[in-house]
Amino acid sequence: MAWAIPLVALALLALGAPRSWAQESPARGRSLPGAVVKVVSGDTVHCFVNGEVERVRYIGVLSPEPGAGDQSGEPQGNEALRFNRGLVSAKNVRLELDVQDRDPEGRLLAYVWVGDVLANAEVVGRGYGQVVTGGPNVRYQELLLRRQQEARAGHLGIWKTAGPAPPPPRSGTD
């Protein structure tokens with residue numbers, strides 16, 4: 001009878017879990033399938049998730065704000081918006097959640113995956129945003145910091161006029 005439990009689990013997977021269940025794995029955390037319906041900025045999108053549209057904020061990324069209407073916005077904000085549109089607009093995504101699910105504004109906080117591409121890291125790595133450090137959502141913080149360092153060293157996006165990149169953080173003890 002020990003074989004019955006794996007068969008039941010396999011049958012549930014084949015039938016599909018209810019839409020309200022988030023997938024969990026120790027390596028990736030909880031995730032939800034979604035579809036991007038609107039790109040708001042370099043770090044915020046609206047996604048169709050579980051039958052409703054959610055405002056989704058990229059974890060660990062801060063992009064310049066684009067202009068709206070006759071407002072010019074922050075420098076490079078419209079560039080960040082255009083880049084993010086090209087990356088995720090009208091695409092199916094996987095929203096990977098971390099420790100804290102929502103920010104004070106009620107937006108869902110997520111690592112946004114398009115296939116095998118982490119949009120958060122692409123925005124930072126192309127210089128269209130900078131890393132926001134600090135907990136509790138830090139699962140990919142090292143990756144984001146590494147991509148930011150590469151963008152800054154390459155004088156990409158917001159780093160076009162920045163000075164030389166600081167040395168990489170040291171690990172271990174002296």
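The model is predicted, so local features need pLDDT of at least 70 and side-chain atom pairs count only at pLDDT 80 or more, while totals for chains, interfaces and linings use all residues. Residues are numbered from 1 along each chain as its sequence is written, and side-chain values use heavy atoms, with hydrogens and water left out.

Start with the overall plan. The protein has four helices and eight strands. Helices (H or I, at least four residues) and strands (E, at least two) are DSSP runs, numbered from the N terminus. Along the sequence, the pattern reads α-β-β-β-β-α-β-β-β-α-β-α.

How much of the protein is buried? Of its 174 residues, 39% are buried. Buried means under 20% relative accessible area, exposed means over 50%, and partly exposed lies in between (1.4 Å probe, protein chains only). The protein exposes about 10400 Å², and carbon and sulfur atoms supply 57% of that area. Such areas come from the Shrake-Rupley method with a 1.4 Å probe; for residues, only the protein chains shown count as cover. Now look at contacts, meaning heavy atoms within 4.5 Å. Among contacts with a separation of 6 or more, 56% are between residues 24 or more positions apart.

Next, find strand S2, residues 44-49. Six bridges join S2 to strand S3 (residues 52-58), and the two run antiparallel. Two strands pair if DSSP finds at least two bridges between them. S2 and S3 form a hairpin with two residues between them. In the turn, Asn 50 has a positive phi of about 50°. Val 49 has Glu 52 in S3 as its bridge partner.

S3 has another neighbour to trace. It pairs with strand S6 (residues 108-114) in the parallel sense, over three bridges. Here Arg 57 is the bridge partner of Leu 109 in S6. In a regular strand the side chains alternate between the two faces of the sheet.

Is Phe 48 buried or partly exposed? Its relative accessible area is 40%, so Phe 48 is partly exposed. Together with Val 37 and Val 53, Phe 48 makes a nonpolar surface patch of about 280 Å². Patches are made of residues with over 30% relative accessible area and no salt bridge: like charges are joined within 9 Å, nonpolar side chains (Val, Leu, Ile, Met, Phe, Trp, Tyr) within 5 Å.

Now turn to the rings. Rings of Phe, Tyr and Trp (its six-membered ring) pair if their centres lie within 6.5 Å; planes under 30 degrees apart count as stacked, over 60 as edge-to-face and the rest as tilted. The count comes to three aromatic pairs. Phe 83 and Tyr 128 are stacked, because their ring centres are 4.8 Å apart and their planes lie at 20°. Phe 83 is in helix H2 (residues 77-88), and Tyr 128 is in the loop between helix H3 (119-125) and strand S8 (130-131), so the pair ties together parts 45 residues apart in sequence. Phe 83 is buried, at 17% relative accessible area.

Trp 113 and Tyr 140 form an edge-to-face pair, 5.8 Å centre to centre with 70° between the planes. Trp 113 lies in strand S6 and Tyr 140 in the loop between S8 and helix H4 (141-153), so this pair ties together parts 27 residues apart in sequence. Trp 113 is buried at 14% relative accessibility, and Tyr 140 is buried at 16%. Tyr 111, Trp 113 and Tyr 140 form one aromatic cluster.

Charges come last. A salt bridge is a side-chain nitrogen of Lys or Arg within 4 Å of a carboxyl oxygen of Asp or Glu. There are 12 salt bridges by this rule. One joins Glu 54 to Arg 102, with the closest N and O atoms 2.9 Å apart. Glu 54 lies in strand S3 and Arg 102 in the loop between strand S5 (92-96) and S6, so the pair ties together parts 48 residues apart in sequence. Glu 54 is buried at 13% relative accessibility, whereas Arg 102 is partly exposed at 34%.

Another salt bridge joins Glu 96 to Arg 139, with the closest N and O atoms 3.1 Å apart. At 0% relative accessibility, Glu 96 counts as buried. Arg 139 is partly exposed, at 32%. Salt bridges that share partners join Arg 94, Glu 96, Asp 98 and Arg 139 into one network.
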